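Work through the two exercises below with the structure in view, and follow each solution one step at a time.

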Amino acid sequence: MKNNLHIATFLTLFLSCNFYAQNKETVPYQPSKSEILERYKQALKLDDAVKNKVFKTSINARWQPDGNSFWYSNVLKDSVREYILVDATKGAKSKLFDEPKLKKALSEISGKAVSQKSLAIDSLNYDSKAKSITLKYEKNYFQVNLSDYSIKSVTSLVKDSNKYPKLNDQWARWNFFRTDSLSPNKKWSAYIKDNNVFIKPVSGGEAIQFTTDGTKEKPYGALAWSPDSNYVVGYHITLVEDLPVYYVLTSLPNTTRGKLKTNSYKQPGDPFTTYEMNLFHVANNKVVKVNTPIIDFFDAPKLDWRKGDANYFTYEKVDRGHQRFRIIEVNASTAETRSIVDEKTKTFIYESRLFTHYNKESNTVIMSSEKDGWRHLYSVDNLTGKEKQITKGEWVVRSIDSIDEHKKEIWFSASGMNNGEDPYYIHHYRIDFDGKKLVNLTPSKGNHSISFSLNKKYYIDTYSEPNVPTTIELHRTDTGAKIMELEKSDATAYLATGMSLPEPFHAKGRDGITDIWGIICRPANFDPNKKYPVIESIYAGPQDSFVPKNFMDRYTTEMQSLAQLGFIVVQMDGMGTANRSKAFHDVCWKNLKDGGFEDRILWIKALAKKYAYVDDSRVGLYGTSAGGQNALGGLLFHPEFYKAGVAACGCHDNRVDKQWWNEQWMGYPVDKNYEEQSNVTNAKNLKGDLLLIVGEADENVPPESTYRVADELIKCGKTFEFLPLPGVGHSDGGPYGRKRKRDFFVKHLLGVDAPDRNNGELTQ
């Protein structure tokens, strides 16, 4: 009954906050100076009032060795903590211990009275076999027998050493691959001496020098043994030292001079260290250059040797420019090669989401590809190159949790498969290698994350939506059947403060067909008869999608806080970002200035059409990093719509920013698109109001990226605000930067001078 009342209260508050009849008499919201001062004060109070108002949004289950029970703790109101024990076989939960009895035991052993408030345990572990707990209380450690609450002091807390199932460990192509110097049969040792390759018998005898042309500039290295100890694979390496970027720390304590710092930093177009593959035959001391292209992108690749025939191995090659991916097989006995997989594209292959898993028993590889327009899984026969598609449809495989070669099952997450919901919501599935027996482990509507028991017999499903509280359930893995609901969060106290939850909203994009999804944050207790300016939180980096999908997501905190000053704050994922179709993503290709702005503008206009209190004639935007690039880009390329922007540590010129990120989307070699789309090149087009923020110690995006924009704006006679931050790294400016951002939008979108903090108009 109590839960039903909570749900009813939540729905009443949610509906009252989110659905308003349109009123044609709405007028622009134009607060007075006194009103805006009061809004600042109320915003600060609300920021504080909403803290610790929602509980039970996640749990950290600590499974016991029996695989059938676990415990977890909840933090409740006033920092009260409760400890829960769950029996998965019975579908029952209970208190982990009797708190009054535990307090009594602690009081007796410590000789001190234990507070009547909730027991403040620093850390705890439970042993289901011994039916005991060990805990840290007031800097001391104790072990308690839960059958009779006998207690004794111990020297430390036994840590949970369980290895929990986790995501499949994918080899990172930036890693440097080599094996132990000792051969698998323990008879030989391969090593580098004076930049050349030597192999010597472990039992004694002279070392054999295989190469003589290795130098300091072009050494040999990255040696890797074959499983049968007959071959060593190694490389003649042409070394490239990355050039530095510089920054100055201007305000170090106890100094009178700035300190120059350097940071090795590869920019687009910079050369890579290259690797020329060679085979060293142990039996006849022969060195053979492998008939394969020099590896001029990434480091020495991981080698996968064929089970049952150690004359063959494969390695992966991503061509620079991200338009070709190959799995290349090498015949070690002949040094000849063939491509098992050779995928090409006119746009880009997203390398960091290129998944491969080599099944040793069947000599197949499970891999991902977007060749049919969506990210799906394929099985490729390493012997014949024959390919079979495993997953198919207008939806996206998001990640691969694990692959069971024995059962021939793939465990993965995907989005877009469930009709009638946000296509970004993640669900978890299991499917056979042949593409049959697809099981949806998380069918309920919402964005899901799961964690497995030690034996993977059970899993915990946590799911929610931006405006729907979190539900946490226990399920059986074999059937996906729900065993019990563990927890459900409640937003009643949060909504009682007057704060509303973000509202999901979607509208058609530039093609008139594709839905663009986002969220809306409103001021608490706002007047629907007023028209409020819009501020867009923007990040159009193509590497992902960015609109929060979970209940009480931490990324909405700043948006909701900013809204309290009298704004409608929104965020959406336009075309050019990830996790939709390949065509949706391809919009970004050599086209980062696009930023999905056509979709974003249509989305905001559709929002204003639905809600009369949304003023799409006063629109600003802010962002950090790639979002900083986008925030300025909105003013430069769409000044008819965006009137004010705050750009923090933006990568304003893709030639200045890091190589690995920019070449993925802008291509290689560096061409005219880099210059033509640069915010520096287009600074002359600035019409709106701009605040640039940069930290002087940014090692992610060189500070000079922002300074070059500032320099060009000055040369073009443009006016703008500039906030350099001493000692600050890659950041939106922190608390001070966020204050300045708020003041900027109040002035330029509401037309009111911000509080004069220097003269005490605000105490914070």
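A cavity is a set of points, on a 1 Å grid over the protein atoms alone, where a 1.4 Å probe fits but cannot get out, and its lining residues have an atom within 4 Å of a point. Grid points are joined across faces, edges and corners, and a volume is the space filled by probe spheres set on the points. The model is predicted, with local features needing pLDDT of at least 70 and side-chain atom pairs pLDDT 80 or more, while totals for chains, interfaces and linings use all residues. Residues are numbered from 1 along each chain as its sequence is written, and side-chain values use heavy atoms, leaving out hydrogens and water.

**Exercise 1.** Describe the largest cavity and its lining.

Step 1. The count comes to 8 cavities of 30 Å³ or more, and the largest has a volume of about 110 Å³.

Step 2. Its lining holds 14 residues, with Asp304, Trp305, Arg306, Asn363 and Asn382 nearest the centre.

Step 3. With strands taken as DSSP runs (E, at least two residues; helices are H or I, at least four) numbered from the N terminus, E20 (312-318) is one of those supplying at least two lining residues, and its 3 residues are the largest share.

**Exercise 2.** Find which residues of H2 meet H12.

Step 1. Locate helix H2 at residues 33-49 and helix H12 at residues 734-749.

Step 2. Taking contact as heavy atoms within 4.5 Å, Ile36, Tyr40 and Asp47 in H2 meet Arg742, Asp743 and Val746 in H12.

How values were computed:
1 Å grid on protein atoms, 1.4 Å probe; cavity = no way out; pocket = protein on both sides within 12 Å on 5 of 7 lines; lining within 4 Å. Axes fitted to C-alpha atoms, helices over the stretch in contact; angles between N-to-C directions.
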